[in-house]
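Here are my notes on this one, written to be read with the model open beside you. Take the points in order and find each residue as you go.

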Amino acid sequence: MTSLHAPLLALLALAAPAKPAEPSPTVAFAPYLPAEAVADARSGPLEIVGVGAWPGLHRRLTCVYRNERVFVVDERCSDPREPSALTVLVLSPTRGRATIFADAGAPIGRARRPGYKSFGAASTAPRSPPASLAGAATYEAVVAYETTAPIEVRASCSAGAGRPEGFCSKGALVPAAVYAASVAPFLGAPPEGWFELVGALVKLRVRAHASIRPAALPLPRLVAWGASWARDLDVTVDEGNLERVGNPLGRTAAMALTTDGGLLIAGTTIRGGAAVPGVVRTDASGARRWLKAFPERGFVTHEIAGVAALPDGALVLSPGYPDPGWKPTARLLRLDANGNVRWQWLGRGKDKHRIPQVVTAQPTPKGTILLRGYVQLVADGDVHGWTAELDGAGKTLSEEVGEVLPDHAASFE
């Protein structure tokens, strides 16, 4: 038994009930204390496991590292620059998860404990079998381990500046007050190893982001990285277009890999108070090459945007609203390799009702562009499938109205 647990055991003896407690239906655990977790994290050099999405976070990246004992997670590392706050998770295959949160309100790598605005810790039980962390070798395996099933309950305890009296859920082997007393020395005067870990994580952020190669990322991590990175550039991607990323037909999606290993990301951004199509182009190392916005006179706003890669540029499809009270009009932009507009096609329709709702644009092997969507022929009429083909200069070669869509286009892809 480690010396770290001696005070905890003494307090447990004082807090123990006269009669044995009823067994808990939740797997009981002895809390993985922050001082233990820091010691494990500092027991050997950390190597990068990966960067990607994390359970419970939206459009934010997480960096995961490991040594021989534990995985160390920098939960909010979207920005490679030094943060003012850190949420650090230490994952042990046998002890569970220890979480340490610190907010310095200034660059955290240079702050000491008296300068912290907030400081807290939590301990969570390990997952019960068959989930296993010991054999995890990839970022995806660690995320899978930490993705709790809806019916699973993991006992936990927490304490900190916002709740100094502590809290423990059902299944914890200690009362809240005992846990709070156990972590108080760490929270009051953290060991030097904590500050060393903070400094190491700050430096590792730069290396973790520099290791990103869009073309080498598994699809879920590519989507997570691209959406988070675009958000930091004030480009908001659409959830529906995210679902099409990586489609084998090359249809417009929120992102598209380029032939040189870079990435195109499309969404909407704000210019002059209005939402307009915005596209970011990275190189093979994930560094920004250009960011372009595409306002259009006569369009009040735009709702979404998708992109398809071409050998010498890109296609950008975005529905916009000349009249916000009526159907959107599709804009298809042909960009060159530098993001400049070569031409634009507008799907205005044959009258105010027959405005095609263009969902995807797709380059074809013969150099034309296939548009797919749906259209109504009369007011409040049936919704028909719709396709059109454009030549390489944006001229309409053909247009066809198809069969009635039985679900009123609700599930049109």
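1. Start with Cys63, which counts as buried because its relative accessibility is 0%. Buried here means under 20% relative accessible area, with over 50% called exposed and anything in between partly exposed (1.4 Å probe, protein chains only). Keep in mind that this is a predicted model, where local features need pLDDT of at least 70, side-chain atom pairs count only at pLDDT 80 or more, and totals for chains, interfaces and linings use all residues. Residues are numbered from 1 along each chain as its sequence is written, and side-chain values use heavy atoms, with hydrogens and water left out.

2. What is Cys63 joined to? Its partner is Cys77, through a disulfide with an S to S distance of 2.0 Å; a disulfide is a pair of cysteine sulfur atoms within 2.5 Å. Cys77 is buried too, with a relative accessible area of 0%. The torsion about the S-S bond of Cys63 and Cys77 is about 95°, so this disulfide is right-handed.

3. The structure holds two disulfides. In the other, the sulfur atoms of Cys157 and Cys168 sit 2.1 Å apart. This pair links distant parts of the chain, eleven residues apart: Cys157 belongs to strand β7 (residues 156-160) and Cys168 to strand β8 (residues 163-168). Strands (E, at least two residues) and helices (H or I, at least four) are DSSP runs numbered from the N terminus. Both Cys157 and Cys168 are buried. With a torsion of about 115° about the S-S bond of Cys157 and Cys168, the disulfide is right-handed. Count the bonded cysteines along the chain and you get the pattern 1-2, 3-4.

4. Now for the cores. A nonpolar core is a set of buried Ala, Val, Leu, Ile, Met, Phe, Trp, Tyr and Cys residues joined through side-chain atoms within 4.5 Å. The largest one has 62 residues, and Tyr179, Trp194 and Leu197 have the most contacts inside it. Helix α5 (residues 192-210) gives the most to this core, with eight residues. Another core, of 16 residues, lies apart from it and includes Leu310 and Ala330.

5. Finally, have a look at Gln362 in strand β18 (residues 357-363). Is Gln362 buried or exposed? At 12% relative accessibility, Gln362 counts as buried. Its side chain makes a polar contact with the side chain of Arg251 at 3.0 Å. A polar contact is a pair of N or O atoms within 3.5 Å; within protein, one must be able to donate a hydrogen and the other to accept it, and residues adjacent in sequence count only if both atoms are side-chain atoms.
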